[in-house]
Each structure stands twice: as C-alpha cells, then as structure tokens.
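Hi,

Have a look at it first, then read on.

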Amino acid sequence: MKVTVVGAGAVGASCAEYIAMKNFAAEVVLVDIKEGFAEGKAMDLMQTASLNGFDTKITGTTGDYSKTAGSKVAVITSGIPRKPGMTREELIGINAGIVKEVTANLVKHSPNVIIIVVSNPMDTMAYLVHKTSGLPKNQIIGMGGALDSARFKYRLAEALECPISDVDGMVIAAHSDTGMLPLMTKATRNGVPVTEFLSEEQQTYVAEETKVGGATLTKLLGTSAWYAPGAAVSVMVQAILCDHKKMIPCSLMLDGEYGESDICLGVPAIIGANGVEKIVEISLTDAEKEKFATAAKAVREVNGDLKF
C-alpha cells in the first residue's frame, strides 16, 4: 500500500522515516515544490534501509502528483512552519492556499484517498479540506489530538516521576495554545486516576505545559517540532493501513457530537481501514463542556477567515 507525504521538510521527512521504519507500507512518496528536495530526502532515507532493517520503498518528486496515484493515505504537512512568537492561527493566510491546491492534486490522482492534515492552523486546515475536497468526512482527519495527547503523557510522567508506559491520557478540543483540553479527570497511571497522585497545583502545571507544548519547542528550536509530529502521524497511518481500530484523539468534522456541528475539533475516534470508523462520545464534566464550547467558538472565528 502506498502512502504520500506532501512536504519534505523536517515534519514530512520524519513522517516518512517513522512509517518506513515500522515496515507496514509498501511505498512512501515524498512530494515537495523545491527542486530536488524530496528526491534528496528520499535517497538519504533509502540509504538507511539496510541499517534500520526496513523494506519500504521511499521515492521523491518535485511536484509531480501523478507519482502519488493510488495512494491509500496522504499526509499534508506542507506550508510554512511556526516562527517564534507566531500563533498557529496567524499561519492561515499563507497555508490555506497551499493546502487547498495540494488537496486538489491529491484527490485528482487518488480519488479514494484518506487525508491526514498536519498543516497549521490544523483544525481550520482540516475544515478547509472537508469543504473543498469532495471526500466523505470519514476520509479527512486532523492530526493534532494524537500529538497533543503524547505531550500530555510526557508531562504527566514527568510530574509523576514514573515511566511513560505507566501513563495514559487524552487531549481533545482545539489544536491551539488556548483551545486544548487535557482531560485530567480521565488520565491514569496503570488504571489509577492521576488525581490521586498529583496535587491541584501539579495538575494545573501539567495541563498548562501541555497546552503550550508546541510553543515551548518553537521557542527552543526556532521552528516547529518534527520528531513527535512525525511519530503521531505514523501511528495514525499504521492504524489505517493495518485496520487497527485504534482509538486516537484527532480533529474531525462534527455533526452534533459534543454539541457542535460544521466544525473540525479534536475528539476521540476509532481509526481503521475506512479512516474514521466511529466518533467516540465520552462524558465530560460541566467545566470540560464549557472549555470545549469556548474552544469551538475560537476555531469558528478562525474558520471565518477562510476563502473557499
């Protein structure tokens, strides 16, 4: 099975690397607009194949979408990355045009493709793909929740001073510094609620550090992170290609779920061969419901700047 990754920068190359190393895809195609860039990244990655023990074929192309034909899954990472001090929402003017064009090219050559959107502002870019692609809503997935939940678990393990394998947790709502909703009430350590281990002060710290996880890395690195985003995408792609029926928080088009419609927001979903197999509605506290609604309002405001 073929996977296309559009954008051969740090995030896109990490996506391709993790997918190849897990050895579940037949081919990964990297696409970029910079002459020779995707081809070079693909060649470099292929030269690790014998060292890392994978047989996935990685190829690159400069804007030739005919080479992506027949892709089961396509990942859109293209667009400019965040710069220090820049919010995800500030990227909309530039990235919307890029994502719209990329989507049209992907669907032209792979009409049944499942698209995973990584480009920021991610919830709004996923919404744009829904409005312009003509694809069924189960075939369009925003990546944010998978990444945000990984960052949440990192901070939980740090606060608990325990192995990260002990920890489980989930982030829903918007993929933004203010709109994320880490579900502290449902986070656990080996099945025991983390609220039994952490003080309210510690819980607040973990939640707030999770919400600014991307901004923290942007400040340190001078650009967006790439290892964790790439790994998050690889988990989602594997769940689709291997039909894992795995529950992953991701940004999906809602139609009444969680009291919202005509908007993409992060919610838990079962991800399998058909993309979104089912949106899972979980119980939220009144405070969590209020935060979810506030996040939805903010995303709608950003969506209002889109031009279809």
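Helix 1 and helix 9 cross in a right-handed way. Bear in mind as you look that this is a predicted model. Helix 1 covers residues 10–22, and its axis comes within 8 Å of the axis of helix 9, with a crossing angle of roughly 45°. That makes helix 1 oblique to helix 9, since angles under 35 degrees count as roughly parallel and 65 to 115 as roughly perpendicular.

Which residues of helix 1 meet helix 9? They are Val11, Ser14, Cys15, Tyr18, Ile19 and Lys22. On the helix 9 side you will find Tyr227, Pro229, Gly230, Ala231, Val233, Ser234, Val235, Val237 and Gln238. Sorted by class, this contact has 10 nonpolar, 4 polar and 1 charged residues.

While you are at that end of the chain, look at Asn23, in the loop between helix 1 and strand 2 (27–32). Asn23 has a phi near 65°, which is a positive value in a residue other than glycine.

Helix 9 (residues 227–241) also has helix 6 (residues 144–160) as a partner: their axes come within 9 Å and cross at roughly 120°. That makes helix 6 oblique to helix 9. The crossing of these two helices is right-handed. From helix 6, the residues involved are Ala146, Leu147 and Arg151, and they meet Ala228, Pro229, Ala232 and Met236 in helix 9. The contact between helix 6 and helix 9 is made up of 6 nonpolar, no polar and 1 charged residues.

Helix 6 brings Asp148, Arg151, Phe152, Arg155, Leu156, Glu158 and Ala159 to it, while Gln202, Tyr205, Val206, Glu209 and Thr210 come from helix 7. By class, the contact of helix 6 with helix 7 counts 5 nonpolar, 2 polar and 5 charged residues.

Now for the spaces. The second largest pocket holds about 440 Å³. How many residues line the second largest pocket, and which lie nearest its centre? There are 19 in the lining, and Lys153, Asp168, Gly169, Met247 and Pro249 are the ones nearest the centre. Helix 6, helix 9 and strand 12 (246–255) are the elements that give two or more residues to this lining. Helix 6 provides the largest share, with 5 residues. The lining of the second largest pocket splits into 13 nonpolar, 2 polar and 4 charged residues.

There is also 1 cavity of 30 Å³ or more, and the space in the largest cavity is about 50 Å³. Its lining consists of Met122, Asp123, Gly144, Gly145, Asp148, Val171, Ile172, Ala173, Ala174, His175, Ser251 and Gly266. At least two of the lining residues come from each of helix 5, helix 6 and strand 8 (171–173). By class, the largest cavity is lined by 5 nonpolar, 5 polar and 2 charged residues.

One last stop is the loop between strand 5 (114–117) and helix 5 (122–133), where Pro121 is found. Is the peptide bond from Asn120 to Pro121 cis or trans? It is cis, with omega near -5°.

Happy browsing!

Definitions and conventions
Residues are numbered from 1 along each chain as its sequence is written. This is a predicted model: local features need pLDDT of at least 70, side-chain atom pairs count only at pLDDT 80 or more; totals for chains, interfaces and linings use all residues. Side-chain values use heavy atoms; hydrogens and water are left out. Axes are lines fitted to C-alpha atoms, for helices over the stretch in contact, and angles run from 0 to 180 degrees between N-to-C directions. Helices (H or I, at least four residues) and strands (E, at least two) are DSSP runs, numbered from the N terminus. Angles under 35 degrees count as roughly parallel, over 145 as roughly antiparallel, 65 to 115 as roughly perpendicular and the rest as oblique. A crossing is left-handed if the near helix is turned anticlockwise from the far one by less than a right angle, and right-handed if clockwise. Contact means heavy atoms within 4.5 Å. Ala, Val, Leu, Ile, Met, Phe, Trp, Tyr, Cys and Pro count as nonpolar, Asp, Glu, Lys and Arg as charged, and the others, Gly among them, as polar. On a 1 Å grid over the protein atoms alone, a cavity is a set of points where a 1.4 Å probe fits but cannot get out, and a pocket is an open set with protein on both sides within 12 Å along at least five of seven lines; lining residues have an atom within 4 Å of a point. Grid points are joined across faces, edges and corners, and a volume is the space filled by probe spheres set on the points.
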